[in-house]
Amino acid sequence: MGNFDLLKVKGVSRRDFMKLIAATTAALGLPELIVPQAANAVEKALNKPPVMWLEGMDCTGCTESALATLNPSPAELILDMLSIRYHETVMAGSGHKAEEAYQDTLKEKFILVVEGSTPGTAKDDSFCMIGGRPFRKILIEAAQKAQAIIAIGSCACEGAGIPGACESGAIGVAELLRNEGIKTPVINLPCCPVKPATLIGTILYYLTYQKVPPLDSQGRPVVFYGSLLHDNCPRRGHFENGDFLTDWNDPIQKEYCLILKGCKGPKTYTDCAQVWWNDNANYCINAGSPCSGCSEKDFYAGFSPLYAKQEMFKLPGIGQVDADTVGVVIGGAAAVGLGVHLIATAASGRLSKKDHKEDM
Amino acid sequence: MAKVVIDPLTRIEGHLRIEVEVENGKVVDAHVIGTMYRGIEPMLRGRDPRDATYVTERVCGVCAGSHGWASSLALDKAFGANVPAGGRIIRNLIVGAMYLHDHPLHFYHLSALDYIDVMAVAQYQGKDPGLLAVKDKIVRLVTAGDTAPLTPRYKPDDFSVNDPELVTMAVAHYLKALEMQAKAKKMSALFAGKQPHQSSIVVGGVTMLPTIQVVEQFRSMLFEQIEFIEKTYLQDVLTFGTGPLLPLAQAGVGGGSPHYLSYGGFARDNEGKDLFFKAGVIMDGNLSKILAVDEKKITEDVQYSWYKASAGKTPYTEDTIPDLEKKGAYTFVKAPRYDGKPIEVGPLARMLVMQPKGLMDIIAKYNIKPGAVARHAARAYETVLMAQDMLTWLDALEKEMGSKDFRIHDTEHWEAPATGQGAGMTEVPRGSLGHFVKVADHKIENYQMVVPTTWNFSPRDDKGVPGPLEQALIGVPVPDLDNPVNIVRVVRSYDPCLACAIHLIDPVTNNVQKFQIGW
């Protein structure tokens, strides 16, 4: 039986399959050239890759986000692309049936997806127990046997997101593995929640090349986390001009820079400006919401307060003026409404991109 | 007597363990155990209050939007913000769209596998091309020996539907609903930034100034949802509930507490007087007497929870510190009580308070008793009502957008006040949700949430009275100890969310009387 015939038996027609791969690569902005290569690699894998998906100290938001994909569809993702052997939110079995699925998967060559943080030490094990066992121990056991680990969402990545700011001793997957001396490769896909295109693209990359993609210092694939949001922000021109949004009601300010509302774009590496969320429906900045920096290890505690401009975020041209003065200038301007951008522009003048970068 | 433990209890949000004692084939005692704790509220203390909408939004990614919304309602009061009509309506639309996501997802993807024998699809003999494609797909999975995640599972029992025609239709709708839930999230995201974990809802209103194009895109997606909800989701629930599952429905399996609570929610006016979901309390199953909600009757017990006991009993006066060594305690969930009694919240409670004629007629005609099946029916019915009402919200929004001073945010009250407090009490997909905030020195002094699953999945209270689910499990038939499928049916009928239910509640000294119920 040829490789494709076997795939067909898995419930995927060749046409559907090529469509799926093409749609996925297109959604990721990968060149069309990769399509045959990716298709070939997936076919060569013979089986849909077995996936064990563990949920620790999580909110199920990353599962929900993965299921928000429309291209490929959620059904294609969970039934055609992957063989999801263990996933508490979608699997049929409970209790001993779920445990059976977990044990069986351990015997295979599986990819481990982890959603949520883990207690860092035995002292905090009680904060997350599954099947009567500490989640931390389940994670260590599965991590040792997995081919590769994909940590999804800020909670599972460096800094552990919001749980990382709490007192329950939560840490990310890679940190636990470092502490335990486990060498299984970890790919971090932060954001709160994970972006479906990032997850699907990473799995596709792994299947195509049979290796972990190039990662940055926070363990994130450079292809998705290699560029600064601020550099790709459609509002960047307004930032340079000193056009800052102070009133969400004002249609004139609608596309203005959100830095005074606390935007963390200048410190955040993510492709959100290029690849939007929910089938390209929207993303935070387009919705007038300041970026919270959720793809960074400093998220959440290091970036709080989220809705105030912090000193580490400097404005163009007035970077040399101390932050209090800027506050006064902007605060006074806000009172006269639309005048704000004019005043800020006059106060700052324009900066060359190079100068500005040094400011950031 | 035999003990049955189900852990992990899957296809719910979060981590849940159920322990029951079975005697003569029936449950005689039950313990409901939440097994994960993060501690989000104490982390909020001392922070900029505006962060709370963002942080609490992330309590749960399934009821996305719910916590951010309740938080904004609490902060609006604490800040003295007057949310303009545009902001109020857009918030309602963001969360409304998530009802259209949550409820069908709960029925098809979290619950249906307990009621159908998926493998009966292989026996489908009909000619419908769509259903034949579904048959083809499932048969191929079976042939390949890879039916995950549809297996392993509990064995189908006497109540399982195994009619090939019906099952194949259900599986086809399972796949269709997977697409529709993604589209509902997309719809919400049009105003919300993204889903899950929207960013648009902030204190004072929303951040997304809409265009007519976006409103019309939302409307067209809403029509597609309505088509699915009315012609597929509601019909499937009725086909199953009044067909093969009628014996379960009439026996009221999983009935539980006869008390029901709805705070009311989704204001259709700026004063919060005209609510889509009505506020009310039903005691002892007396549907002819809907009582007003009195927040002073809300108390919380912790004798059986892993928290230290406190002098105060109301959510505003209690003092709660985790105590993992506590003797007799068995869960991270606390025990809220209304007028001293365990009380059910959620779609069934809302519909019994609201009593829409269409649903009440079905209940009367088929003699359906409160229980697992009734919960599914109430959930489907309120989804239909919600979707229809949302059309009128869109009209109202467009009317507002046409006015010269259209506004979405109270900019005057954006900065945190020196002091303030507020409660945001509303209805979210899983039931009555309350957020309570106290601001001092421009920072959060106290923050707490009383969450739907905390009500429904509470443990025994200080008097030893079991919580609503613990009561609902008593008497549930378990003929085969290795196959406790009826237990998971009852548990899932509440659509539990354990990530929501478990959080540390802070010491607070808020003045109860100042909190108002209903918007």
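Is the crossing of helix 11 of chain B past helix 14 of chain B left-handed or right-handed? The crossing is left-handed. Keep in mind throughout that the model is predicted.

**Stop 1: the helix pair in chain B**

Select residues 372–401 of chain B for helix 11. Two packed helices are described by the angle between their axes and the distance between the axes. Here the angle is about 35 degrees, and the axes lie 9 Å apart.

Now show side chains at the contact. From helix 11 of chain B, pick Ala372(B), Arg375(B), His376(B) and Arg379(B). They meet Arg489(B), Val490(B) and Ser493(B) of helix 14 of chain B. Colour these contact residues by class: 2 are nonpolar, 2 polar and 3 charged.

**Stop 2: the sheet in chain B**

Stay in chain B and select its open sheet of 3 strands. The strand order is 1-2-3, with antiparallel pairing. Strand 1 covers residues 2–6 and strand 3 covers residues 26–34 of chain B. Both stand at the edges with a single partner strand each, so one side of each has no neighbour in the sheet. On average, neighbouring strands of this sheet are turned by 20 degrees against each other, direction ignored.

Next, select residues 16–23 of chain B, which form strand 2. Strand 2 runs antiparallel to strand 3 of chain B, and 8 bridges join the two. For one pair, pick Glu21(B): its bridge partner in strand 3 of chain B is Asp29(B).

**Stop 3: cysteines**

Select Cys59(A) and Cys60(B). The closest cysteine sulfur to that of Cys59(A) is in Cys60(B), at 6.2 Å, which is too far for a bond. The cut-off is 2.5 Å. Cys59(A) is buried, at 10% relative accessibility.

Move to Cys284(A). The closest cysteine sulfur belongs to Cys272(A), 6.6 Å away, again too far for a bond. Cys284(A) counts as buried, with a relative accessible area of 18%.

**Stop 4: backbone exceptions**

Most residues other than glycine have a negative phi, and most peptide bonds are trans. The next selections depart from that.

- Cys192(A) and Pro193(A): a cis peptide bond joins them, with omega about 0 degrees. Pro193(A) sits in the loop between strand 9 (186–189) and helix 10 (196–209) of chain A.
- Thr151(B) and Pro152(B): the peptide bond between them is cis, with omega near -5 degrees. Look for Pro152(B) in the loop between helix 5 (129–143) and helix 6 (164–192) of chain B.
- Asn280(A): phi is positive, near 60 degrees. Its loop runs between helix 13 (236–241) and helix 14 (323–335) of chain A.
- His197(B): phi is positive, about 70 degrees, in a residue that is not a glycine. Find His197(B) in the loop between helix 6 and strand 4 (201–202) of chain B.

Is His197(B) buried or exposed? His197(B) is buried, at 0% relative accessibility.

Key
Residues numbered from 1 in each chain as written. Chains lettered and ligands numbered in written order. Predicted model: local features only at pLDDT ≥ 70, side-chain atom pairs only at ≥ 80, totals over all residues. Heavy atoms only, no water. Pairing = 2+ DSSP bridges. Helix = DSSP H or I, 4+ residues; strand = E, 2+ residues; numbered from the N terminus. Axes fitted to C-alpha atoms, helices over the stretch in contact; angles between N-to-C directions. Buried < 20%, exposed > 50% of the residue type's maximum accessible area, 1.4 Å probe, protein only. Left-handed = near helix turned anticlockwise from the far one by under 90°. Contact = heavy atoms within 4.5 Å. Nonpolar A, V, L, I, M, F, W, Y, C, P; charged D, E, K, R; others polar.
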